[in-house]
Amino acid sequence: MDAETLPSIVAEHADEASFLWLQRASAVHAPNYSPQQFADLDERLAAHVDGLRVAGEDGWQHALALTDNEGPEDFFVAAVLAIEAVDGRFDDLVERAKDLPEVVPGLISAIGWTEPDRLGGRVKTLLEDASPLRQKLGVAACALHRRDPGALLGQLLVDAPDSVRIRALRAAGELGRADLLPQAQALLGEVKPELRFWAAWAAVLLGDRAQALDALAAFALKSGPRQPRAFQLALQAVDVVPGHALLLDSGALPEVQRLRILGSGFIGDARYVPWLIEQMAQPATARIAAEAFVTITGVDFNLEQMENMPPDGFEDGPTDDPDDENVELPEDIALPWPDIDKVRAWWGKNGARFAPGVRLFMGQPVSVEGCTNVLREGFQRQRVAAALHLCLQEPRAPLFATSAPAWRQRRWLESVA
């Protein structure tokens with residue numbers, strides 16, 4: 001290999017790792033990634049990171065150079081290498097991140113990606129640091145690896161800066177720290193919305209189906225960045241009848257039809273199926289209505305050959321027009337188009353076995369066994385819902401980390417078996 005080829009290969013490793021992290025960040029909540037596809041993506045990302053690792057100092061310099069772009073994907077790549085170094089490289093990245101909050105998700109992801117035996121004593125050092133960002137990274141590390149930091153988590157809820165308290169609240173829910181439920185409930189009256197939201201989110205996961213669920217429902221009925229997470233958890237946690245009432249209360253919200261379609265899947269009542277089939281006749285809602293239909297019934301669209309081609313003349317996503325500034329991919333682009341006639345025929349044949357008024361998930365009443373099977377075999381968006389269902393059934397159980405590296409998820413599932 002000549003002297004010019006090696007640097008180009010190392011640069012390609014850095015660029016590809018950065019790109020694949022972005023793809024992975026999208027895949028975590030995507031409707032079309034199976035466990036095997038998610039594992040394949042993680043293996044590709046790991047291979048490029050390993051290529052940089054093998055390249056030694058050259059690999060580090062290429063990764064470091066990418067951080068000039070100031071994107072979370074670039075800081076992820078550099079941080080993975082820096083965490084494994086025995087010098088101050090990771091500390092330098094954290095210092096830079098203090099003025100670049102947009103890159104912090106990349107640092108957090110790197111800590112979650114790195115195996116515990118490569119972290120050494122770094123997490124303990126982060127937790128004991130006076131810097132809010134370092135403490136936040138330490139709490140996130142414990143949560144992502146599902147390692148309980150003990151009494152310190154409760155202490156942080158009392159006297160830490162708000163950014164750390166927010167991450168500690170989230171960690172309490174993720175770790176199943178039911179002993180911290182009173183502290184989460186005490187924060188439900190907080191003036192600051194972010195603190196109040198995560199207090200409600202954690203408290204619901206830890207077993208509060210009263211005040212905390214009401215607080216979470218309030219966020220579900222208010223447009224904003226917290227709404228999707230609040231909407232899903234509130235509807236999965238509430239009983240079927242009050243869940244229907246919550247859907248009715250959403251009438252004044254923007255894109256209410258879309259929210260109600262998504263919500264019907266979260267509630268899981270078969271009474272919504274005929275209405276969902278009607279929504280499949282409208283191109284704007286056809287695919288998410290089909291997804292909600294699958295979430296309730298568990299039917300495999302591919303196996304039952306119920307997929308269809310897009311409607312004639314329907315434009316989806318960026319166009320070929322160079323003057324079109326819309327380059328965003330539509331949210332539903334990864335979902336299949338339903339063949340509504342075949343869907344109606346399938347429901348006519350099978351609908352009688354789905355009792356209305358019961359919460360169904362992937363064709364069965366919610367159960368530990370059913371949700372665990374979805375974690376093993378379902379698509380990512382279904383797996384997120386399965387993890388929430390499991391946690392809601394057992395408030396002291398940790399929330400299964402569907403965003404963890406695929407090989408770690410596999411180990412956790414094997415330990416459950």
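Leu-127 is buried, because its relative accessible area is 11% and buried means under 20% relative accessible area, with exposed meaning over 50% and partly exposed lying in between (1.4 Å probe, protein chains only). This residue is found in helix α8, which covers residues 122–128; helices (H or I, at least four residues) and strands (E, at least two) are DSSP runs, numbered from the N terminus. Leaving aside neighbours within four places in sequence, Leu-127 is in contact with Gln-135, Gly-138, Val-139, Cys-142, Pro-149 and Leu-152, where contact means heavy atoms within 4.5 Å. Leu-153 lies 26 residues from Leu-127 in sequence, and their C-alpha atoms are 9.7 Å apart in space.

This is a predicted model, in which local features need pLDDT of at least 70 and side-chain atom pairs count only at pLDDT 80 or more, while totals for chains, interfaces and linings use all residues. Residues are numbered from 1 along each chain as its sequence is written, and side-chain values use heavy atoms, with hydrogens and water left out.

Two residues deserve a look for their backbone angles. Most residues other than glycine have a negative phi. Arg-146, however, has a positive phi near 55 degrees, and Arg-146 sits in the loop between α9 (132–144) and α10 (151–159). With a relative accessible area of 18%, Arg-146 counts as buried. Gln-305 is not a glycine either, and its phi is positive at about 55 degrees; the place of Gln-305 is the loop between α19 (286–297) and β1 (307–308). Is Gln-305 buried or exposed? Its relative accessible area is 58%, so Gln-305 is exposed.

Strand β1 also holds Asn-308, which is partly exposed, with a relative accessible area of 39%. Not counting residues up to four places away in sequence, Asn-308 touches Trp-337, Pro-338 and Asp-339. Asp-339 is 31 residues from Asn-308 along the sequence, yet the distance from C-alpha to C-alpha is 4.9 Å.

Next come two buried residues in helices. Leu-213 lies in helix α14, made of residues 211–220, and counts as buried because its relative accessibility is 8%. When residues up to four places away in sequence are not counted, Leu-213 touches Val-204, Asp-208, Ala-234, Ala-237 and Val-238. Gln-232, for its part, is placed in helix α15 (residues 227–237) and is buried, with a relative accessible area of 14%. Outside the four places on either side in sequence, Gln-232 touches Phe-266, Val-384, Ala-385 and Leu-388.

Ala-47 and Phe-197 are 150 residues apart in sequence, and their C-alpha atoms are 38 Å apart in space.

What remains is the chain as a whole. The chain has 23 helices and four strands, and buried residues make up 52% of its 417 residues. Among contacts between residues at least 6 apart in sequence, 66% join residues at least 24 apart. The C-alpha atoms fill a box of roughly 65 × 55 × 45 Å, taken along the principal axes. A compact globule with 417 residues would have a radius of gyration near 22 Å, and the 23 Å of this chain agrees with that; the radius is taken over C-alpha atoms, and the globule rule is 2.2 Å times the number of residues to the power 0.38.
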